Amino acid sequence: VFCFDLNDEAKNSRVTSKKGSSKPWASDGNTSIMQFQRLLLKQSGARLWSQSQRIVPSFPHSNYYLSQSNSRSSTTLQLQYRSMSTSDVPNLFCSVGSDRKAISDEQIRKHLSEFLNALGEKDEVLILPPDYTRLHSQAGKITRMICEHYNFIPSQDSPQGQGEETKQKGPEIEIMPALGTHAPMTQDEILKMFGEELAKKSSSFLPHDWRNDVVTIGEAPAEMVRKATHGVVDRPWPAQLNKKVWEKRQRPRSLVLSVGQVVPHEVMGMANFNKNLFVGTGGVKAINLSHFIGAVHGMENMMGRKSNPLRDILNYASENFLESQLDLWYILTVIAPDLSITGFYIGRDIECYSAACDLSMRVNFTVLDRPIKRCVAYMEPEEYHSTWVANKAIYRTRMAMADGGKLTIIAPGVSRFGEDDKVSALIEKYGYLGTERTMKSMEENPELQENLSAVSHLIHGSTEGRFDVTYCPGHLSEEQIEAVGFQYEDVNEVSQRYNVDQLKDGWHEDEEGEFYFISKPALGLWTVESRLR
């Protein structure tokens, strides 16, 4: 509380006393009321009282409020702090993006702090970031900032030597990487993605088991599935979540934060949003059917489209089963080719996702003036250990590849086909041999009927004979690669021919002619104008 004595002889009243203030904006006694108001508003982010003495929030969601009361002899300004309830917070809290300018870490931290303050105190926070295969999403850094805000780990901005006793105790925090079908993160991957301080909190990281740890929370109607698969499948789609996520609905001061990158995606059209929940923390039945729906509908009809039949199914599940049950918020990024954050969005419904999609299509979509006859794609060894994830090189370039072209995938970290042993065995057995042969194998083999995500992966990984794929893995043999339908070249020999440390993305010339190089296929989508029609 700041008290001002009125002085009739002075043009402006002066601060004569202040109570309860430990903030750096304390006056020296020679500041006018108007000057002091401005200082308070600037320092706290508060907004001045209304004429009816109601306190009103600041830009756009500060929890500081400034009110004023007058008497004959004094004026009192009161700076108050009030926690908002979730209902007070707009569904689209933050929408910042540009295809020309990066967003700094300082700005990200500021937006996060305003958002988390607006939500008020929480007892539990469950964070759902992607796994290491989405390292470039910057979700690791954002997760770290959230944990710093809640004093779960030391802040990088904290003064050296600041004692733990000066920090307010925050909520219990758990982190569940949205693995989907992927293998659990290793301790080394956690360290590289989330940093040293969070890596020390290994017990706070919860592995998701898509085969055993899930519960079905509802179903999307069979007619939606029938429409999406052109009548191939006529049964409801089960909305499944990890049990730990779903249990949060029973705890009134629990918060669920889904963090990740929006980018063109082979199954969903555009990645993230509710996919991070229903696939990232989903179960066998939901993941199998969703992948199969995407494959049957057609990859080239899905990629780069924020609205499609599969997304409609997930949106139905969100609206009917999630939004009224969980205090769930999405924190979404759009990442430029140079790995900077160009878009940052916080919201709790489809408006947040839609805004991120619009920017991603400007930032992550490359339309070429001619098809690529020879393409070289590099899959970083730390991120890509299986063809299940390294095949993104095929997915993201297929709309740009010329008929009869050649795609060379340099993948020094690839040592297996699937992300688990069961799926890996199915890939080795049936191979990437095209939609017609894969669908026939599915009709004849119950093991494929029970693993529709593997079926869809085999369809996605085939070029349908339109162009050739040469795989250069670090840890699979020539016999293994050729058995699944790809051509093989030695990774060391190819790496000498194409120096990935020196090549820049785009067109190049060598003794064989023209080729196109892509260093990070997972960050974008390449096409030619004719395939957009």
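Tutor: A strand here is a DSSP run of E, at least two residues long, and strands are numbered from the N terminus. The model is predicted. In it, isoleucine 518 lies in strand S21, which covers residues 513-518.

Student: How many helices and strands does the protein chain have?

Tutor: The protein chain has 20 helices and 22 strands.

Student: Is isoleucine 518 buried or exposed?

Tutor: A residue is called buried when its relative accessible area is under 20%. Isoleucine 518 has 0% relative accessibility, so it counts as buried. In the protein chain as a whole, buried residues are 57% of the 533 residues.

Student: Which residues does isoleucine 518 contact, leaving aside neighbours within four places in sequence?

Tutor: They are Cys375, Val376, Ala377, Tyr378, Thr397, Asp505 and Trp526. Take alanine 377: its C-alpha atom is separated by 4.9 Å from that of isoleucine 518, although the two residues are 141 residues apart along the chain. For the protein chain, among contacts with a separation of 6 or more, 71% join residues 24 or more positions apart.

Student: Where is methionine 302, and what does it touch?

Tutor: Methionine 302 is in helix H10, residues 299-302. Its relative accessible area is 1%, so methionine 302 is buried. Not counting residues up to four places away in sequence, methionine 302 touches Glu266, Val267, Met268, Gly269, Gly294, His297, Asn308 and Leu310.

Student: What describes two packed helices?

Tutor: The angle between their axes and the distance between the axes describe them. Here the axes of H9 (residues 284-297) and H18 (residues 452-460) come within 7 Å and cross at roughly 30°. Angles under 35 degrees count as roughly parallel, so H9 is roughly parallel to H18. The crossing of H9 past H18 is left-handed.

Student: Which residues make the contact between H9 and H18?

Tutor: H9 contributes Ile287, Asn288, Leu289, His291, Phe292, Gly294 and Ala295, and H18 contributes Leu452, Ser453, Val455, Ser456, Ile459 and His460. By class, that contact of H9 with H18 has seven nonpolar, six polar and no charged residues.

Student: Where do nonpolar side chains tend to be in soluble globular proteins?

Tutor: They tend to be buried together. In this model the largest nonpolar core has 97 residues, and those with the most contacts inside it are Trp237, Phe278, Leu322, Leu407 and Ile409. Apart from that core lies another, of 40 residues, among them Val89, Val125, Tyr132 and Phe205.

Definitions and conventions
Residues numbered from 1 in each chain as written. Predicted model: local features only at pLDDT ≥ 70, side-chain atom pairs only at ≥ 80, totals over all residues. Heavy atoms only, no water. Axes fitted to C-alpha atoms, helices over the stretch in contact; angles between N-to-C directions. Helix = DSSP H or I, 4+ residues; strand = E, 2+ residues; numbered from the N terminus. Parallel < 35°, antiparallel > 145°, perpendicular 65-115°, else oblique. Left-handed = near helix turned anticlockwise from the far one by under 90°. Contact = heavy atoms within 4.5 Å. Nonpolar A, V, L, I, M, F, W, Y, C, P; charged D, E, K, R; others polar. Core = buried A, V, L, I, M, F, W, Y, C linked by side-chain atoms within 4.5 Å. Buried < 20%, exposed > 50% of the residue type's maximum accessible area, 1.4 Å probe, protein only.
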